[in-house]
Amino acid sequence: MRALAVAAVLFLVGVPLAGAQTAAPVEVVDAGTPVVLSGEPEPVRLLNTTGRALSVGVAATARSADRSEVGIEVRQGDSVVSAVEVGPGGDVWLSLDLVGAAPTEAISGYFVATADQVAVRRPITVRAAEAAAIVPSVESWEVDWAPLLPSSDARPLPGRVPSTACPDGAERSAPVVSGHDTATVTARCAGGALVLDLSGVPSGWPSLGTGEYAGTLEFGDKKLAVSVGVSSSVVAALGWLLAGIVAAIAGTTYAADRSPYNGRRNAIRAIQEPGDGPLRDRVSVAKRKLTDELADTRPKLPRRLLPWPEGRHADRLTAVDTDTKRLREAAALTGPYEDGARALAANGPALATRFPGMAERFAALLDPPPDLTAAALADLVADTAAIPALLALVADLERMRGVVAETAPRSRARHEARLRLNQLVAALGRLERPTEVAGLRADVAETTALVDRLVEVGPLPRGELGVREMALPGKAFDVVRAVFDGIGDIVAGTGKTAMVVRDAAAAVVAAVVALWSGFAALYVTADTWGSLWDVLAAVTWGAAATAVSGPLLTAIRRVGSSRQPGD
């Protein structure tokens with residue numbers, strides 16, 4: 001029973017308390033109508049519904065969809081307030097003022113008044129900022145965009161769209177579409193006209209961002225149809241054309257450029273190595289070294305992409321050809337080489353005494369290194385194979401000495417033969433290699449003839465020696481010949497310089513013609529250029545330009561042939 005009594009008392013007491021809490025001491029006039037803010041202050045009226053003075057807290061807030069707040073100030077007169085005093089049964093006027101720029105879209109909020117811990121509120125609507133009026137004078141605008149150099153993503157388009165109303169700083173944006181590609185065109189007011197920018201251009205295959213982009217810019221009840229033809233840069237187009245021309249030159253000349261190399265390499269490989277004996281390993285090593293020397297004569301990249309100039313490496317190729325021929329001949333001289341080696345081993349000291357200038361060479365021939373080059377091996381074989389002939393020459397010298405010694409001492413023929421024999425022996429002693437004896441073949445034949453005449457006809461007429469001496473070339477003739485040779489070198493050098501200039505000019509003209517023909521045919525006449533198919537067409541054009549690049553190839557080869565080797 002006691003519990004029921006307590007509950008009843010609480011119920012009777014609580015009912016009037018609850019009724020007292022629902023009666024708000026302050027009221028907002030027109031609480032059901034939103035306060036619309038659009039830049040100008042809007043009035044709000046508060047009423048005190050009690051018979052006593054109230055202190056009322058006031059605040060206004062609005063929050064956008066992304067949870068960002070828009071500043072709203074509550075003013076009483078010129079002062080910003082957060083609380084106001086309202087007399088018994090009286091009212092007060094406040095104003096709501098938007099702080100900062102209006103939002104880009106409409107948002108909602110509340111004005112809240114709080115008194116005696118009871119809050120009342122009135123909805124607020126903040127209008128979106130009105131866009132500045134832009135009125136273009138035309139309904140459509142077409143423009144082509146083909147820059148000189150590759151540009152960044154933001155691409156200012158040429159030209160200005162005339163407008164009757166275009167406040168500076170105002171802008172509009174809209175998407176533009178080309179096939180499956182989408183970009184954004186932005187119209188910005190500057191100087192009373194619209195300036196268009198293109199951004200967000202894709203770079204994927206196969207369009208590479210090029211094509212006709214179309215879209216519509218909206219300016220209230222006005223619309224502007226925009227069409228932008230996007231092409232790759234002029235430099236890119238010329239670059240692809242040049243790449244095609246270079247590819248054509250490289251493709252048409254690669255096999256021809258390799259033929260001087262491949263033919264000589266095959267000739268080196270075809271040299272037959274001796275089946276056995278000391279020359280086998282040395283010939284194999286010499287072939288490998290000669291192949292490496294041939295490889296070194298080839299132009300290195302990027303020179304290898306261009307035609308191999310005729311004459312550019314002529315001296316080195318001639319040396320390779322000479323060494324190849326000598327190595328082939330040396331490899332076939334297995335028998336003479338072995339005979340000469342045996343003869344040298346048996347008569348080395350005697351030969352060194354007879355030919356002191358060859359003593360060092362004889363020692364090298366007896367113990368040659370295993371890794372000789374082709375030229376060194378050919379010299380080794382030739383010198384060694386010449387040893388038997390050198391021994392025969394020694395025997396002939398001994399015979400001639402005997403003949404001269406047996407002739408009458410006062411014979412002029414003997415005197416001349418002895419003089420020539422001594423000169424021959426002295427010349428042989430100064431030689432450094434056995435094969436150099438061939439250079440004295442005429443001297444040996446003349447000396448032998450003089451000695452043989454001692455046996456056949458006896459003394460020679462007195463005047464013959466003077467006639468022979470007069471037949472020899474004099475120093476004056478050598479000087480004159482040297483002067484004329486020098487003049488010839490000067491004239492030849494001048495002609496080569498002129499040829500280099502002329503052929504270089506021809507190469508430049510041919511290259512310009514090839515580039516401009518493709519550029520005019522593919523790039524200048526096209527609405528847009530730069531897709532994958534355009535690039536392939538440019539490369540194909542360059543590859544098909546071999547007829548145009550023919551003079552270019554000829555000029556390049558002539559430039560190479562007119563320059564001195566090693567320039």
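Tutor: The account below begins with the charged contacts, goes on to the loops and surface patches, and ends inside the fold.

The model is a predicted one, in which local features need pLDDT of at least 70 and side-chain atom pairs count only at pLDDT 80 or more, while totals for chains, interfaces and linings use all residues. Residues are numbered from 1 along each chain as its sequence is written, and side-chain values use heavy atoms, with hydrogens and water left out.

A search of the whole structure finds 15 salt bridges, the term standing for a side-chain nitrogen of Lys or Arg within 4 Å of a carboxyl oxygen of Asp or Glu. In one of these, the side chains of Asp 116 and Arg 52 meet with 2.3 Å from N to O. Asp 116 sits in the loop between strand S9 (107-115) and strand S10 (118-126), and Arg 52 in the loop between S3 and strand S4 (54-63), so this pair ties together parts that are 64 residues apart in sequence. Strands here are DSSP runs of E with at least two residues, and helices are runs of H or I with at least four, numbered from the N terminus. With a relative accessibility of 43%, Asp 116 counts as partly exposed, and Arg 52 is partly exposed with a relative accessible area of 43%. On this scale, buried means under 20% relative accessible area, exposed means over 50%, and partly exposed lies in between (1.4 Å probe, protein chains only).

Asp 116 has a positive phi of about 50° although it is not a glycine, and Gln 117, another residue other than glycine, has a positive phi near 60°. Gln 117 is likewise placed in the loop between S9 and S10, where its relative accessibility of 80% makes it count as exposed.

A further salt bridge, with 2.8 Å from N to O, joins the side chains of Asp 91 and Arg 45. Because Asp 91 lies in strand S8 (residues 91-98) and Arg 45 in strand S3 (residues 42-48), this contact ties together parts that are 46 residues apart in sequence. Asp 91 counts as partly exposed at 35% relative accessibility, and Arg 45 is partly exposed as well, with a relative accessible area of 29%. Glu 73 and Arg 75 also meet through their side chains in a salt bridge, at 2.9 Å from N to O. Glu 73 counts as partly exposed at 24% relative accessibility, and Arg 75 is partly exposed with a relative accessible area of 23%. Beyond such pairs, salt bridges that share partners join Arg 326, Arg 361, Asp 379, Asp 383 and Arg 433 into one network.

Glu 142, Asp 144, Glu 212 and Asp 527 gather in a patch of negative charge on the surface, where patches are made of residues with over 30% relative accessible area and no salt bridge, like charges being joined within 9 Å and nonpolar side chains within 5 Å. Glu 142 belongs to strand S12 (residues 140-145) and, at 68% relative accessibility, counts as exposed. A nonpolar surface patch of about 290 Å² is formed by Leu 148, Leu 149 and Val 235. Of its members, Leu 149 lies in the loop between S12 and strand S13 (155-156) and counts as exposed at 51% relative accessibility.

Further along, Gly 191 occupies the loop between strand S16 (181-190) and S17 and is exposed, with a relative accessible area of 65%. Its C-alpha atom is 9.6 Å from that of Gly 169, the two residues being 22 residues apart along the chain. Leu 194 is placed in strand S17 (residues 193-199) and is buried, with a relative accessible area of 0%. From C-alpha to C-alpha, Leu 194 and Gly 159 are 8.9 Å apart in space, although 35 residues apart in sequence.

At 1.5 Å a residue, the 18 residues of helix H3 (residues 279-296) should span 26 Å, which agrees with the 26 Å between its end C-alpha atoms; the expected span is 1.5 Å times one less than the number of residues.

Definitions and conventions
Accessible areas come from the Shrake-Rupley method with a 1.4 Å probe; for residues, only the protein chains shown count as cover. Lys and Arg count as positive and Asp and Glu as negative; His and the chain ends are not counted. The place of a charge is taken as NZ of Lys, CZ of Arg, CG of Asp or CD of Glu.
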